[in-house]
Amino acid sequence: MSLITVKDATLRYGVTSALSGVSLSLNPGEKIALIGPSGSGKTTLLRLLGLQEKPTSGNVVTLGCDLAGNCATSIRETRSKIGMLPQDLGLVANLRVIQNIILGRSGTRNFLRTCRDLLFPSKTDRDEIFATLERLDIAEKIYDRTDSLSGGQRQRVALARTLFQHAEILLADEPLSAVDPARGRDVLKLLTALCDDAGLTLIVSLHQVELAREFFPRIIGLKEGQIAFDGTPTDDEISDLYSS
Ligand code: ADP
Ligand code: MG
């Protein structure tokens, strides 16, 4: 069964068509890179896949749920299985690293429980978070304030937060945008290895075509809101994607 199905989805903002007539089927465990020029619809597509936004027409079903109200469980429960790594990371600057990570599970814990966990994290949570941060090489930062970290470290915290969420799908919007270009390859290596270990389906938007080719067996090219190719693009398809 496919994990996400998109059928003829169009999303308009006023007169702008951010996406038009997009159809896709994504399977569990896949690793997919979305590439395309700025404004081609990558962020919009990730938001649709993550059930953050409803298409103007067409349909998006993620983990058996759509925003038109057809949901096997509830939208909240479905969203708790979808990890979003937005481009701005969405971290709370004045909270400690451990607290930002604990917020990853707020979708499955009630408000009071989340407040208690933020103030008095359980030993189980602390151990799990410490182990994840160790793997990400920033375990010593666990009690630091998040705004004292570098861009690359903050990105690891955001990644730890989605891993702590125990999501089934990870949608990452330009995860390399805040990272030193020389470290981009290491970040993707880590990200794809973590997703493989956790059995997470990974969908990433990227600008680095060569890195997309190296790490992602399936590459979807977006141009002006439409799918230009889906699979393993040729050099000509790549240059057409970026030509105006
Ligand atoms: P990408 O992530 O590939 O740069 P986006 O998905 O952000 O592209 O944007 C696709 C198109 O939709 C662009 O033309 C952009 O200006 C427009 N767009 C995106 N979000 C909004 C919004 N909230 N309001 C109006 N237009 C938007
Ligand atoms: Mg974008």
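Student: What should I know about the model before we start?

Tutor: The model is predicted, so local features need pLDDT of at least 70, side-chain atom pairs count only at pLDDT 80 or more, and totals for chains, interfaces and linings use all residues. Residues are numbered from 1 along each chain as its sequence is written, chains are lettered from A and ligands numbered from 1 in the order in which they are written, and side-chain values use heavy atoms, with hydrogens and water left out.

Student: Which residues are around ligand 1?

Tutor: They are Tyr13, Thr16, Ala18, Pro37, Ser38, Gly39, Ser40, Gly41, Lys42, Thr43 and Thr44. A residue is listed if one of its heavy atoms lies within 4 Å of the ligand.

Student: How do the residues of that shell divide into nonpolar, polar and charged?

Tutor: Three are nonpolar, seven polar and one charged. Here Ala, Val, Leu, Ile, Met, Phe, Trp, Tyr, Cys and Pro count as nonpolar, Asp, Glu, Lys and Arg as charged, and the others, Gly among them, as polar.

Student: Which element gives the largest share of the shell around ligand 1?

Tutor: That is α1, with three residues. Helices (H or I, at least four residues) and strands (E, at least two) are DSSP runs, numbered from the N terminus.

Student: What lies 2.7 Å from an oxygen atom of ligand 1?

Tutor: A backbone N or O atom of glycine 39 does. A polar backbone atom of serine 40 is 3.2 Å from an oxygen atom of the ligand, and a polar side-chain atom of threonine 44 lies 2.5 Å from one. Taken alone, ligand 1 exposes 560 Å², and the protein buries 58% of that; accessible areas come from the Shrake-Rupley method with a 1.4 Å probe, and for residues only the protein chains shown count as cover.

Student: Let us stay with serine 40. Where is it found?

Tutor: Serine 40 is in the loop between β3 (31-35) and α1 (42-49). Its side chain reaches the backbone oxygen of proline 37 at 2.7 Å.

Student: Why does serine 40 count as buried?

Tutor: Serine 40 counts as buried because its relative accessibility is 2%. Buried means under 20% relative accessible area, exposed over 50%, and partly exposed in between (1.4 Å probe, protein chains only).

Student: What is serine 40 in contact with, leaving aside its neighbours within four places in sequence?

Tutor: Its partners are Ala18, Leu222, Lys223, Glu224 and Gly225, where contact means heavy atoms within 4.5 Å.

Student: Changing topic, what does the domain assignment of the chain give?

Tutor: It gives domain 1 (1-81 + 168-244) and domain 2 (93-166), with bounds from an automatic or database assignment. Their C-alpha centres lie 25 Å apart, and the contact takes 18 residues from domain 1 and 15 residues from domain 2.

Student: Is arginine 156 buried or exposed?

Tutor: Arginine 156 is buried, with a relative accessible area of 14%, and is found in helix α6.

How values were computed
A polar contact is a pair of N or O atoms within 3.5 Å; within protein, one must be able to donate a hydrogen and the other to accept it, and residues adjacent in sequence count only if both atoms are side-chain atoms.
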